[in-house]
Amino acid sequence: MRVIIVGAGSLGIHLTRNMIAQGKEVILIEKDESIAKELAETLDCTVINAEGTRPDILEKADINSADAVVACTTNDQNNILIGLIARDAKVEKVILKLEDRQFMDIASKLGFYYMINPSSISSRYISDVLRGINTIELSNLVRYDVRFMGVMATDKIIDMKLSDISLPEDSAFIGVYRKGEFILAEKDPKLYEKDELILVTKADMIKSVNEALGRNLET
């Protein structure tokens, strides 16, 4: 697997090391010259010192043969731009790190499905700790071939109720996030634009789940 990672912040470096440890071919792009130089000397991967939003730089990284691109710079707009270039290059998996919720909404409208918001995840966990709540991290729940998914409502399912959606076997809705509120699936809510569906499935059912929800990941 060939992965291009743009941005050598803490997330980018941690991910790069993990991918290298898994035997993946990694190309890391970082615009800061001193950081790029240091990483080139310490990491067993290709490090390119350049601006990752430039199409010619991504072409230099041979983006057309990449299996995945992870845009994790400190700038949300840049990450979306990198994602658009990667999608135009027909990269199978494009993952964006986005800090601002409004840019997550924009990215969703643009058709991006893989988005992470580290600050939001961290702040919720810290808040729970301060309240004396011992929450279980999702990573500790994911075992074997079980997968949890967060999916933005598509045009296909807007105005439908959860019970109207036929999921593949071994799959089930957990609930819906809507404007800061979580609605349990058993309440069978009607779906609206910007709703985020949370569900559980098995790894080999993910493609079928996406199809049932009207998500075409090949576009």
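## Rings, a helix and a core

Student: What is the relative accessible area of Tyr177?
Tutor: Let's set the scale: under 20% relative accessible area is buried, over 50% is exposed and anything in between is partly exposed (1.4 Å probe, protein chains only). Tyr177 counts as partly exposed, because its relative accessible area is 41%.

Student: What kind of model is this?
Tutor: Residues are numbered from 1 along each chain as its sequence is written, and side-chain values use heavy atoms, with hydrogens and water left out. Local features need pLDDT of at least 70, side-chain atom pairs count only at pLDDT 80 or more, and totals for chains, interfaces and linings use all residues; this is a predicted model.

Student: Which residue forms an aromatic pair with Tyr177?
Tutor: Rings of Phe, Tyr and Trp (its six-membered ring) pair if their centres lie within 6.5 Å; planes under 30 degrees apart are stacked, over 60 edge-to-face, and the rest tilted. The count here is one aromatic pair. Its rings sit 5.0 Å centre to centre with 55° between the planes, which makes it tilted, and the partner of Tyr177 is Phe182.

Student: How far apart are the end C-alpha atoms of helix 1?
Tutor: Helices (H or I, at least four residues) are DSSP runs, as are strands (E, at least two), numbered from the N terminus. The expected span is 1.5 Å times one less than the number of residues. So the 12 residues of helix 1 (residues 10-21) should span 16 Å, and this agrees with the end C-alpha distance of 17 Å.

Student: Where do the buried residues of helix 1 sit around its axis?
Tutor: The buried ones are Gly12, Ile13, Thr16 and Met19. Taking directions from the helix axis to the C-beta atoms, they cover an arc of only 130°, so they lie on the same side of helix 1.

Student: Which exposed residues does the opposite face of helix 1 carry?
Tutor: The buried residues pack against strand 1 (2-6), strand 2 (25-30) and helix 2 (33-42), with contact meaning heavy atoms within 4.5 Å. Turned away from that buried side are the exposed Ser10, His14 and Ala21.
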